[in-house]
Amino acid sequence: MTASLPDASVDLVTLGQRLRHQRKSKGLTLEQLSEAVGRAPSQLSLIENGKREPKLSVLQAIAATLGVPLQDLLRPEAPSRRAGLEIELAHFQHEQAYAQLGLPLVRGGRRLPADALEALVGLHRELGRVLAEQSATPEVARKANAQLRVNMRERDNYFPEIEAAAARVLQSVRYTTGPLSQRGILDIAASLGFSLHYVNDLPGSTRSVTDLKNRHIYLPQVASGKGHDPRAVVLQTLGHFVLGHNDPADYGDFLRQRVEANYFAAALLMPETFAVEFLKEAKADRALAIDDFRDAFGVSYETAAHRFTNLATHHFGIPVHFTRVHENGIVYKAYENDGVRFPSDVTGAIEGQPICRKWASRTIFQSDNPYSSFYQFTDTSAGTYWCTVHIESTRSGEFSVTVGTPYEHARWFRGGDTTRRTVSRCPDPDCCRRPPADLVRRWAGSAWPSARVHSHLLAALPPGTFPGVDSQDVYEFLERRA
């Protein structure tokens, strides 16, 4: 049996660099060392270049010839800063990420200038950082979403530059008033140089695909059934181009672009001038209602609720909060600038957290008539809040969509005189997180639930420019359509 290296974790590239450093420091050529240890120069060259694992006997002979302890050759650190950079470059170029680029390998030998070596290693480090951000863990994604929510709160969820962009687009197609029709959307697309094409083979990971070469936007022939307004999907796609979005640099940039595109679509479906006038008249009658706002512009309840949060604080001084909560009590979307305290994890993220059972977002599901107008006051540690709630049904179950505001602003809303009231003491576990004592006594130690673990909560986000989108599927789709 041939003796191998004493430590299987020895890095061959570093070993080769240390061997070359010691040989040159002793003033020996590769040929002189090979003659002394009885090995061909080509074999020693492969060892020095980190391409061959030497036998232990060969290493012992080399160490003896160089007059150094064997452990000096096996030490993990590079013999010099230059050697360290060469080792780092060699490792980078052997990684899969670099191999996928199809670029040639660059040797870090003495012929490579020091500044070129520094630049190459710096570029590789940056490439690694970008790839790590694109393969964001759920924690990275939640932190990015929490920061985005902070930015939205600071501007009261109002984006004047997007309002102006939407107004210019509407003016270009001579839109005057009323719900935006399909004809109007076709006119907007044409004015921006795009044509719409409805297909039945859109990649499953996409809601639309845009062919930038031919200026075609491909959309599904039928609605997805997930609550997406087909008009909004078109306008969100166009919004990316009107707002000058480039390929997202990281997950935070991806989320920001998605929020801006959604805002742009809503600003076209419910133009600021007409929406504010409608809300102004309703406020004067103390009859603000998301239902009426929805019906006036022919949009979904959720779109109307979102749009209300865009305009309420900026134009009327009404602070608000918004939630979209699944029937199981888990938050899917949330926004606030009214001081309400949502549950959050250690990263500050709200999404994925359970809402208090006493909040209107949850109590509506126990209502005798949950599909009619539902209003509620909730006393919390942060103050008393009034909420209006609506249930939307989707393939993923039922969701409550809530718009709320502090007690003193309830007078402007229809339903602001409701007598329904609850008290929430969350995050006190005795409020709703801890089971009642009698249930604990009867069942503690006698229950073993099998938890339904959603794999997407554990896995890293799919890497790529657009998280979750399979680029090969998209390219193959465009190839078929071309």
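User: What is the relative accessibility of Arg480?

Analyst: Heads-up: this is a predicted model, where local features need pLDDT of at least 70, side-chain atom pairs count only at pLDDT 80 or more, and totals for chains, interfaces and linings use all residues. Residues are numbered from 1 along each chain as its sequence is written, and side-chain values use heavy atoms, leaving out hydrogens and water. Buried means under 20% relative accessible area, exposed over 50%, and partly exposed in between (1.4 Å probe, protein chains only). Arg480 counts as exposed, and its value is 52%.

User: How far apart in sequence are the parts that Asp201 and Arg480 tie together?

Analyst: These two side chains meet in a salt bridge, 3.3 Å from N to O; the term means a side-chain nitrogen of Lys or Arg within 4 Å of a carboxyl oxygen of Asp or Glu. Asp201 sits in the loop between E1 and E2 while Arg480 is in helix H20, so the tied parts are separated by 279 residues. Helices (H or I, at least four residues) and strands (E, at least two) are DSSP runs, numbered from the N terminus.

User: Which residue forms a salt bridge with Glu48?

Analyst: The closest N and O atoms of this pair are 3.4 Å apart. Glu48 is in helix H3 and its partner is in helix H1, 28 residues away. Both are buried, and the partner is Arg20.
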